[in-house]
Amino acid sequence: MHLEKEGGRPPSGALEVELRQTSAPRPAGPGLTASAPGPQPGGRGPDAASPYPSGAALQSCWAPSDQDLGAFLTERRSHAPLPRLFGSRCQDPCVTESTPLLRNSSQDGGVRSPRVYHPELIPAEEVWDASSAEWEGRSLAAGSSRWASSDKGDLLEGAHARLRLSKLRRCARWLKVAGLFAFVVMCSVSFSLYPDQGKFWQLLAVSPQESYSVNLSSRADSTLLQVDLAGALVASGPSRPGREDHVVVEVTQTDAPGSRRRPPQVTHNWTVFLSPRRSERLVVSRTFEVPSRGGVSISIRAELQGTQVVPLLVAHQHLRASVEAQVTVAAVILAGVYVLIIFEIVHRTLAAMLGSLAALAVLAVTSDRPSLVRVVEWIDFETLALLFGMMILVAVFSETGFFDYCAVKAYRLSRGRVWPMIFMLCLIAAVLSAFLDNVTTMLLFTPVTIRLCEVLNLDPRQVLIAEVIFTNIGGAATAIGDPPNVIIVSNQELRKTGVDFAGFTAHMFVGICFVLLFSFPLLRLLLWKKKLYNKEPSEIVELKHEIHVWRLTAQRISPASREETAVRSLLLRKVLALEQLLARRLHSFRRQISQEDKNWENNIQELQKKHRVSDRILLAKCLAVLGVVILMFFLNSFVPGVHLDLGWIAILGAIWLLILADIHDFEIILHRVEWATLLFFAALFVLMEALAHLHLVEYVGEQTTWLIKMVPEDRRLAAAIALVVWVSALASSLMDNIPFTATMIPVLLNLSRDPEVSLPTPPLMYALAFGTCLGGNGTLMGASANVVCAGIAEQHGYGFSFMEFFRLGFPVMLVSCTVGMCYLLLVHVVMGWS
């Protein structure tokens, strides 16, 4: 900081910004900058030494040293006009600052200062990736409005148009807020009006000689009766044809009083098979339609080969809405969530929370309101623990400079060529995800890819989308690469049919190889006309990203105290200064599209000096802990003696690394955890389980079974494979594939054991695996790795939207599912491998 003399010029290499606090009129309205005050009585004209011939007095952006900071901030909020950092000289001495961020701003005296907007008038969601033409248009429009007095009419007309547009946006925003708030209030009231009735379990013992029966009173407001059984049961049919121990549940409905007498009619029969291992416990549920107002009786009897007694737990509950109504409402809720995410009306985390609240409110209205403990049980904490632990590991890893080092190495291996580098990254991601969880792969690959793209002046968004697509494809190759595959292989009933670890991996690996052969050319075709290089020089791109980071930093500071308010104000002024610098650079630089670096060998030494490992000791500790964690992931899949889930392994690895790294400021590490992503997954788990309780997933499975049974017997296997692949792919692209897979396995098992259908089980399971794994590339919410990659990219300032992912992921999903379906048809229908 120094004082500038009258008529002095700034030193070379730095620009002195003159800041003075003056009183000025308020802005005319939203979207309008403060007009310059007129000449003061006895005042001076424009300073001849100033490079900007404007006689307007300037407002100070810094508080004088003799003024109280709180009073200064209060005055700035209520009275201050829009700050301008460049203008004419003034008589009074004022404080100026030399900063390299504002260098070369006064070298050209003919360049006018562009308009600077007040921080509160700039939308928080504005993305600083606008093209150079837009920025040049702003600066030139502002300059021409000051140069030519004949353009005053156009300037006023443009100002009124901007004011009308600002009012329309404000009205749309208030309508959105009012509509969503009314929706939330309605769901909250509906959820609070109906109590949690809970399930009253009754212990009973049934045998071939003794049965259980109970008469239920009629209820006028109920149309469904839900019966739950718990005990040593199996969810599907018997694994071998023949006489098996089972329990038969009969629901008998009697006529209403006053009707003609006739014998009671059995409306429903439900057969539940018993598990040979009597120590197991499984809860199964079935919903029966009881539209009449007459009484209902439930009878349970056991058909066993011996005379032993079978202990069971039974519970029943009346529901108000029919299955069709529940499925319709569930589909509307899911469609509403996707509308909120696709059009970016709210953040995807808030959209998932709104969908969960709506689904819970519908369950409460239908007399199936879950308790808080039950809702918490719906959340897959193993997945959340895996994400949290790996995020901690990656956060500590980023302190070592390892990601910069990997980016330079990848640049060397690709010899400066972009497409070989992209193909190499996608192939490595696919191979790693076949042996690791695809979420873990993207947690490790996303920071490396972002740093590599920044070194090469590439747009990371398309590269990240391509990587996560191939991660989902590679995860389908083995039995441990994707959660649906793990669910299929770990099912005991499927193992008896021949779907074991080795056979499943061998079968899927060959098909995924064919999928990869078609996916790489398709990726090149989809990105053929897209410029992966940034359209502006790297200095412009880095400056825009710096503006975005500074703005996010200012928004994350809560003005709870005077000091935090002052820091936030300083950060916003920093953003304004960087905007000025960006506008001048865009005016001085000619638009040019970067080309591939032909002299990559000459630049590799400079890149290695700039991007190197900063802490080798910490890097060694991180590599050691990460190696142990990955080794434990493998042992967990192959060695039965390791009694640790993936979530426990990740959490323990994070604790080990935090101890070895000796990190005292733990809040810095926690700030790098994607809390929004974790909350999104928790809300998504609740949403999908609630939709499953509304019979949406069950309805999809039943309709698939009905369509397969309609096909002639000689074409039934081919039709079943095609239907299962495409129904699973489309369903997995719209909802979480984990509950869908868990629901479809018993449906397909019962279908294959139906005497009227007689289909082999392994082809149906392979079709389910192809559809659920490859269908995750259809939308941003289709797979967990998609959401994780989007969250990390958003944290680094390179977030991509739902439609950006859809334009690239959905065509790849269509082609990959087609290739997988053709492979299954060739192997199982043409070659007869069943």
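Guide: Helices here are DSSP runs of H or I with at least four residues, strands are runs of E with at least two, and both are numbered from the N terminus. The model is predicted, so local features need pLDDT of at least 70 and side-chain atom pairs count only at pLDDT 80 or more, while totals for chains, interfaces and linings use all residues. Residues are numbered from 1 along each chain as its sequence is written, and side-chain values use heavy atoms, with hydrogens and water left out.

Visitor: Which residues of α8 are buried?

Guide: F402, F403, D404, C406, A407, V408, A410 and Y411 are the buried ones in α8. Buried means under 20% relative accessible area, exposed means over 50%, and partly exposed is in between, using a 1.4 Å probe and protein chains only.

Visitor: Another helix, then. How far does α22 reach?

Guide: Helix α22 runs over residues 696-710 and reaches 22 Å between its end C-alphas, close to the 21 Å expected. Its buried residues are L696, V697, G701, T704, T705 and I708.

Visitor: What covers the buried residues of α22?

Guide: The cover includes α4 (323-342), α21 (675-693), α23 (716-734) and α24 (737-752).

Visitor: Why would residues three or four places apart in a helix point the same way?

Guide: An α-helix has 3.6 residues a turn, so residues at that spacing point the same way.

Visitor: New topic. Which residues touch the most other members in the largest nonpolar core?

Guide: That core has 167 residues, and M390, L443, I488, F504 and F800 touch the most other members. Helix α21 gives the most to this core, with 12 residues. A nonpolar core is a set of buried Ala, Val, Leu, Ile, Met, Phe, Trp, Tyr and Cys residues joined through side-chain atoms within 4.5 Å.

Visitor: What is I488 in contact with, leaving aside its neighbours within four places in sequence?

Guide: I488 is in contact with L494, V499, F504, T741, I745, M765, L768 and A769. Contact means heavy atoms within 4.5 Å.

Visitor: Is R551 in its salt bridge with E579 on a helix or a strand, and where is E579?

Guide: The side chains of R551 and E579 meet at 3.3 Å, N to O. R551 is in helix α15 (residues 538-555) and E579 in helix α16 (residues 562-588), 28 residues apart. R551 counts as buried at 5% relative accessibility, and E579 counts as buried at 9%. Elsewhere, salt bridges that share partners join E250, R301 and E303 into one network.

Visitor: How many aromatic pairs does the count come to?

Guide: It comes to 15 aromatic pairs. The rings of F504 and Y766 have their centres 5.8 Å apart and their planes at 40°, so the pair is tilted. Rings of Phe, Tyr and Trp (its six-membered ring) pair if their centres lie within 6.5 Å, with planes under 30 degrees apart called stacked, over 60 edge-to-face and the rest tilted. F504 lies in helix α14 (residues 501-526) and Y766 in helix α25 (residues 761-774), so the pair ties together parts 262 residues apart in sequence.

Visitor: Is F504 buried or exposed?

Guide: F504 is buried, at 0% relative accessibility, and Y766 is buried at 6%.

Visitor: Which residues form one aromatic cluster?

Guide: Y338, F802, F806 and F810 form it.

How values were computed
The expected span of a helix is 1.5 Å times one less than its number of residues. A salt bridge is a side-chain nitrogen of Lys or Arg within 4 Å of a carboxyl oxygen of Asp or Glu.
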